[in-house]
Amino acid sequence: MALERRIVIFCSASGDIDPKLNQAAREATRAACSLGYTIVSGGTVRGTMGVVADEVVKAGGRHIGVLPRFMREYAYPSLTETVWTDTMAERKERMRLGTSAALALPGGIGTLDELVETLTLAKLHLYDGKIFALNIDGFFDPLIALLDHYVATGMLDAPSRALISFPETVEELAGLLK
Ligand code: AMP
C-alpha cells in the first residue's frame, strides 16, 4: 500500500474575498484529494478554510484540522481528525508535521506568516516538503517581487529563493504535486 501523503494548506480566514479565489481553492483542494493527499489545515469554518473543508467532504477525502483551543467555537464539524494546540505557534508546527507539501492559497497576514515561516524552516533544512503559493490572478506578485528584491540585495540566496514556486493555475499546481 502506498504511504499516506499529506499536504498542509494555508488559507484565508476572511469571508469577504473575491469568489474567484475561493473557486480556485475548491479546485486546488479537489486536485490534491484526487492525487491521494490528506489535507491538513487550520480546520475552522471561517473563510477559505471552510471552503476547503467543504470541498474535502465533497471529494470524500481526509482532512486533519489543527486548531488552538481558544478557537474551539469555530471548529469545522466534520474533520477526519482534529488536533488541539495551546498556541498559534504550536498550531503552525503541528500543521506542517508529516507533510510533504505546503500550499498557500491567496490569504492575509496569517497565511503569509504560515508561508514565510515554512520557507524560513526550509531554508534551514528544517522542512523538506515542497512549497507552493497559488498565484491566481497574480495575487502573490508583490511577494515574488519582494523575494527577488531580497535576492538582488543579498538578503536571500538564490537556492533558498528557489524553494518556493508560484504556479499560476490549478493544473500547473497539480503537475507539481504529482
Ligand atoms: P489570514 O490569512 O490573515 O486570513 O489568516 C488565516 C490563517 O491564519 C489561517 O490559516 C489560520 O491558521 C490563521 N488565522 C489567523 N486568524 C484566524 C482566525 N480569526 N480564525 C482562524 N484562523 C486564523
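Predicted model: local features only at pLDDT ≥ 70, side-chain atom pairs only at ≥ 80, totals over all residues.
Local features need pLDDT of at least 70, side-chain atom pairs count only at pLDDT 80 or more, and totals for chains, interfaces and linings use all residues. Residues are numbered from 1 along each chain as its sequence is written, and side-chain values use heavy atoms, with hydrogens and water left out.

Start at the ligand. There are 15 residues around the ligand. A residue counts as near when one of its heavy atoms lies within 4 Å of the molecule. Ala 13, Arg 91, Gly 108, Thr 111 and Glu 114 come nearest.

Next come the polar contacts. A polar contact is a pair of N or O atoms within 3.5 Å; within protein, one must be able to donate a hydrogen and the other to accept it, and residues adjacent in sequence count only if both atoms are side-chain atoms. Thr 111 uses its side chain: a polar atom there lies 2.6 Å from a ligand oxygen. Cys 11 uses its backbone, with an N or O atom 3.2 Å from an oxygen of the ligand. How much of the ligand does the protein cover? On its own, the ligand has 480 Å² of accessible area, and the protein covers 82% of this. Accessible areas come from the Shrake-Rupley method with a 1.4 Å probe; for residues, only the protein chains shown count as cover.

Now move to Arg 46. Arg 46 sits in the loop between strand E2 (37-41) and helix H2 (47-59). Helices (H or I, at least four residues) and strands (E, at least two) are DSSP runs, numbered from the N terminus. Arg 46 touches Ser 12, Ala 13 and Tyr 74, leaving aside residues up to four places away in sequence. Touching, or contact, means heavy atoms within 4.5 Å. Ala 13 is also one of the residues that come nearest to the ligand. Is Arg 46 buried, exposed or partly exposed? Buried means under 20% relative accessible area, exposed over 50%, and partly exposed in between (1.4 Å probe, protein chains only). Arg 46 is partly exposed because its relative accessible area is 37%. Tyr 127 is 81 residues from Arg 46 in sequence, and their C-alpha atoms are 27 Å apart.

Step into helix H2. Gly 50 has its place there. Gly 50 counts as buried because its relative accessibility is 5%. Tyr 76 is 26 residues from Gly 50 along the chain, yet 7.1 Å separates their C-alpha atoms. Gly 50 touches Tyr 76, and also Thr 44 and Val 45, not counting residues up to four places away in sequence.

Charged pairs come next. Side chains of opposite charge can pair when their charged atoms come close. A salt bridge is a side-chain nitrogen of Lys or Arg within 4 Å of a carboxyl oxygen of Asp or Glu. By this rule the count is 10. Glu 4 and Arg 6 form one of them, at 3.3 Å from N to O. Both partners are partly exposed: Glu 4 at 42% relative accessible area, Arg 6 at 24%.

Two further bridges join a pair of helices. Asp 113 and Lys 92 meet at 2.8 Å, N to O. This pair links distant parts of the chain, with Asp 113 in helix H4 (residues 109-123) and Lys 92 in helix H3 (residues 88-96), 21 residues apart. Asp 113 is partly exposed at 38%, while Lys 92 is buried at 10%. Lys 92 touches Asp 113, Glu 114 and Glu 117, not counting residues up to four places away in sequence.

Glu 117 and Arg 96 meet at 2.6 Å, N to O. Glu 117 belongs to helix H4 and Arg 96 to helix H3, again 21 residues apart. Glu 117 is partly exposed at 24%. Arg 96 is buried at 5%. Lys 92, Glu 93, Arg 96, Asp 113 and Glu 117 are linked in a network of salt bridges.

Leu 146, Tyr 150 and Met 155 make a nonpolar patch of about 290 Å². Patches are made of residues with over 30% relative accessible area and no salt bridge; like charges are joined within 9 Å, nonpolar side chains (Val, Leu, Ile, Met, Phe, Trp, Tyr) within 5 Å. Met 155 is found in the loop between helix H5 (141-152) and helix H6 (158-161). Met 155 is exposed, with a relative accessible area of 61%.
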